[in-house]
Amino acid sequence: MSDVILEGRDLKKYYPVTKGLLQRTIGWVRAIDGISFTIERGKTLSLVGESGAGKTTAAKAVLLLERLTSGEILFEDRDIYKFSKSQMKAEYRPRVQSVQQNPWSSMNPRMRVRDIIAEPLVVNTKQTKEQIRKRVLELLEQVGLAPNQADYYPHEFSGGQRQRIAVARALALNPSLVVLDEPVSALDVSIRAQIMNLLKDLQNQFNLSYLVIAHNLATVRFMSHSVAIMYLGQIVEYGDAEELFQHPLHPYTRALISASMLTLPEDAEQGVEQIILKGEMPSPLNPPPGCRFHTRCSETQDICSKEVPEMKEYGKQHVRCHHVVYR
């Protein structure tokens, strides 16, 4: 069996922009524009970037909440768009689950926690009520909640506890891959470490793969095995997480790390100043020619606005830039 559980190949998602009573298409928003990535079994890939970079659209494509314009998503080496409806129901949807940023929004306030966690089991399996009850109590224990809390309602829990409930529900069908969309950004700082440690412990215990959508680089660095930095619908740097944080090669990656105050050791020694990006991210409706980052890059040259840089390999990293200095 391959070590790669999910692979995205040249994924594109364009949204039409329409005008007038006849809804005439006048352009396309390139939400994701030719991204490729792999997620290994038992490992974590994080997609990182500013709002509008396309990371959430990529996650929705993996969860089949968005239909791609083009590209392939392979799950255990099989193209999911070639699955029959029965295969999709039995072999993909139960094995790819998600945990959202705000668990409160995905929980029915009138349902007890036991019913919220049991819902995937009721819909997707033929287990008896007693089997489901035992499974719910087992899941509560796995995420650090007490069995008697199964009878509580969502409003009786703190934000961190509700996120634990969301994790328990995601694990109900024994998934292989869990998509985590900003899993700790809505939580108090004091609770974030607890949830991140829980997620890592569950990953080690059940050999789970994670696709993490995040903008907080401290979270990303703690949880990730590999990282893809996205800008305006494209991946500009992709590779081993620790290598990327220690030796970022793309100017945008260096700016993100600088802004997050994750100071690199060599920066501290050399007194490197914080990098401040100029302007805002251009519209994905009309991206700049050449390198899409050149309008905000301090190292831009003539070639940057004329030629699209290819993704090139440098050690454990892949970078889309004309001016990589690889040490």
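1. Start with G8, whose bridge partner in strand 4 is I73. That pair belongs to a set of five bridges joining strand 1 (residues 4-19) to strand 4, and the two strands run antiparallel. Bear in mind as you look around that this is a predicted model.

2. Stay with strand 4 for a moment. Two bridges join strand 4 to strand 5, again in the antiparallel sense. If you want a pair to click on, F75 has R78 as its bridge partner in strand 5. The hairpin made by these strands has two residues between them, and E76 takes a positive phi near 50 degrees there.

3. D77 sits in the loop between strand 4 (70-75) and strand 5 (78-79). Its phi is positive, about 70 degrees, although D77 is not a glycine. Is D77 buried or exposed? With a relative accessible area of 54%, D77 counts as exposed, because the cut-off for that is over 50%.

4. N174 is another residue to check for its backbone. Phi of N174 is near 55 degrees, a positive value in a residue other than glycine. You'll find N174 in the loop between helix 5 and strand 7. N174 is exposed, at a relative accessible area of 55%.

5. Eight strands form an open sheet, with mixed pairing, in the order 6-7-8-3-9-10-12-11. Strand 6 and strand 11 (311-314) are the edge strands, each pairing on one side only. On average, neighbouring strands of this sheet are turned by 20 degrees against each other, if direction is ignored.

6. S226 lies in strand 9. Why does S226 count as buried? Its relative accessible area is 17%, and buried means under 20%, so S226 qualifies. What is S226 in contact with, leaving aside neighbours within four places in sequence? The list is T44, L45, S46, G239, D240 and A241.

7. On to helix 3. Its buried residues are V113, I116, I117, A118, P120 and L121. What do those buried residues pack against? They pack against helix 4 (129-142) and helix 5. As background, an α-helix has 3.6 residues a turn, so residues three or four places apart point the same way.

8. Helix 3 comes up again at the second largest pocket. That pocket has a volume of about 320 Å³. Its lining has 16 residues, and Q97, S98, E119, P120 and R169 lie nearest the centre. P120, then, is both one of the buried residues of helix 3 and one of the lining residues nearest the pocket's centre.

9. Where does the lining of the second largest pocket come from? Strand 6 (96-99), helix 3 (113-124) and helix 5 (159-171) each supply at least two residues. Helix 3 gives the most, with four residues. By type, the lining of this pocket divides into eight nonpolar, five polar and three charged residues.

10. Last, the cavities. How many cavities of 30 Å³ or more does a search of the whole structure find? The search finds five. The largest cavity holds about 80 Å³ of space. Its lining is made up of H250, P251, C291, F293, H294, C297, E299, T300, C304, C321, H322 and H323. Those lining residues divide into six nonpolar, five polar and one charged.

Notes. Residues are numbered from 1 along each chain as its sequence is written. This is a predicted model: local features need pLDDT of at least 70, side-chain atom pairs count only at pLDDT 80 or more; totals for chains, interfaces and linings use all residues. Side-chain values use heavy atoms; hydrogens and water are left out. On a 1 Å grid over the protein atoms alone, a cavity is a set of points where a 1.4 Å probe fits but cannot get out, and a pocket is an open set with protein on both sides within 12 Å along at least five of seven lines; lining residues have an atom within 4 Å of a point. Grid points are joined across faces, edges and corners, and a volume is the space filled by probe spheres set on the points. Ala, Val, Leu, Ile, Met, Phe, Trp, Tyr, Cys and Pro count as nonpolar, Asp, Glu, Lys and Arg as charged, and the others, Gly among them, as polar. Two strands pair if DSSP finds at least two bridges between them. Axes are lines fitted to C-alpha atoms, for helices over the stretch in contact, and angles run from 0 to 180 degrees between N-to-C directions. Buried means under 20% relative accessible area, exposed over 50%, partly exposed in between (1.4 Å probe, protein chains only). Contact means heavy atoms within 4.5 Å.
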